[in-house]
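Have a look at it first, then work through the points below.

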Amino acid sequence: MKPIGTKNLIASQPVIRRFIPSLITVFTLACLLAAGGFGMWLRPFLPAYDLSPDSKDAVKLAMSLVATMAALLLGLLVNSAKTLYDTARAQVLQMASKFALLDRLLAIYGLQAADERNQLHALIEESIRRIWPDDVNLQAQSEPKNEMSDAFYVAVLKLEAHDDTQRALQAQAASLTLEIAEVRSLMQAESITNTARPILNVVVLWLMMMFLGSSLIAPPNATANSALIASALCASGAIFLILEMNNPFDGFGRISSEPMLNVLRQFGPA
């Protein structure tokens with residue numbers, strides 16, 4: 001027996017995950033602004049020779065090196081996250097098109113495949129529910145997802161073919177079922193966030209060092225302070241994009257379930 005409130009807790013988990021990138025971004029922005037503010041606070045206590053032109057040039061050189069390295073790593077992380085997002089979107093479109101084609105093959109097969117088409121409909125619903133658990137309002141299935149997929153594949157293999165046309169349709173349907181299963185397995189394997197957390201942490205640490213060093217030598221005026229704040233916002237925005245694209249089915253810019261839902265809407269009579 002499930003504890004009271006377990007269902008609500010499970011249902012709220014996707015919503016909570018959706019806000020994690022925003023929380024991390026706000027924390028990163030706070031760290032960068034804190035580093036810059038600490039440098040501004042520390043600046044009046046530095047001896048005069050520490051703020052000489054030679055010292056400022058040395059700090060600028062060191063900070064430019066840190067900024068270049070941080071920019072390179074940020075670029076690599078953004079490119080990796082964008083590749084993951086585009087791959088997931090292509091997989092969704094590919095799976096939707098294969099489901100639609102599989103339904104048409106079973107429809108052409110004839111009334112003998114009516115039960116298999118109903119199973120396919122349930123399998124598509126299960127796929128949508130598994131990928132977008134908080135995006136759709138579909139009834140839960142009691143049958144485990146792997147058993148449902150396996151049962152459909154066996155049902156396709158057991159179709160009775162009475163002529164060459166039906167045998168060809170059955171072979172193509174079985175092949176498409178395996179391809180869909182392969183895409184589903186690949187999406188499940190790639191669902192683990194591939195952002196290198198240590199690299200992201202190091203980038204944030206480098207950015208904090210850069211803001212600390214820059215605020216130490218920056219002139220105490222509104223223009224310099226505004227430039228540091230704008231830079232902190234831009235850097236935090238890059239972190240936000242990385243985290244969002246590494247969660248293609250959970251974030252605010254998550255991949256739409258509309259292609260799969262369209263397949264369900266286009267189901268003809270069995």
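1. Start with helix H2 (residues 53-109) and helix H8 (residues 258-265): their axes cross at roughly 10 degrees and come within 8 Å. The angle is under 35 degrees, so H2 counts as roughly parallel to H8. Bear in mind throughout that this is a predicted model.

2. Who does the touching there? On the H2 side you'll find Val92, Leu93, Met95, Ala96, Phe99 and Ala100, and they meet Pro259, Met260 and Val263 of H8. By residue type, the contact of H2 with H8 has nine nonpolar residues, no polar and no charged.

3. Next, H6 (residues 197-217) against H7 (residues 222-245). These two pack at an angle of about 175 degrees, and their axes are 11 Å apart. That angle is over 145 degrees, so H6 runs roughly antiparallel to H7.

4. From H6, the contact takes in Arg197, Leu200, Val204, Leu207, Phe211, Ser214 and Ser215. Facing them in H7 are Leu228, Ser231, Ala232, Ala235, Ile239, Ile242 and Leu243. The tally for H6 with H7 is ten nonpolar residues, three polar and one charged.

5. At its start, a side-chain oxygen of Asp163 comes within 3.2 Å of the backbone nitrogen of Thr165.

6. Which residues of H5 are buried? They are Gln166, Leu169, Gln170, Ala173, Ala174, Leu176, Thr177, Ile180, Val183, Arg184 and Met187.

Methods
Residues numbered from 1 in each chain as written. Predicted model: local features only at pLDDT ≥ 70, side-chain atom pairs only at ≥ 80, totals over all residues. Heavy atoms only, no water. Axes fitted to C-alpha atoms, helices over the stretch in contact; angles between N-to-C directions. Helix = DSSP H or I, 4+ residues; strand = E, 2+ residues; numbered from the N terminus. Parallel < 35°, antiparallel > 145°, perpendicular 65-115°, else oblique. Contact = heavy atoms within 4.5 Å. Nonpolar A, V, L, I, M, F, W, Y, C, P; charged D, E, K, R; others polar. Buried < 20%, exposed > 50% of the residue type's maximum accessible area, 1.4 Å probe, protein only. Polar contact = N/O pair within 3.5 Å; in protein donor to acceptor, adjacent residues only side chain to side chain.
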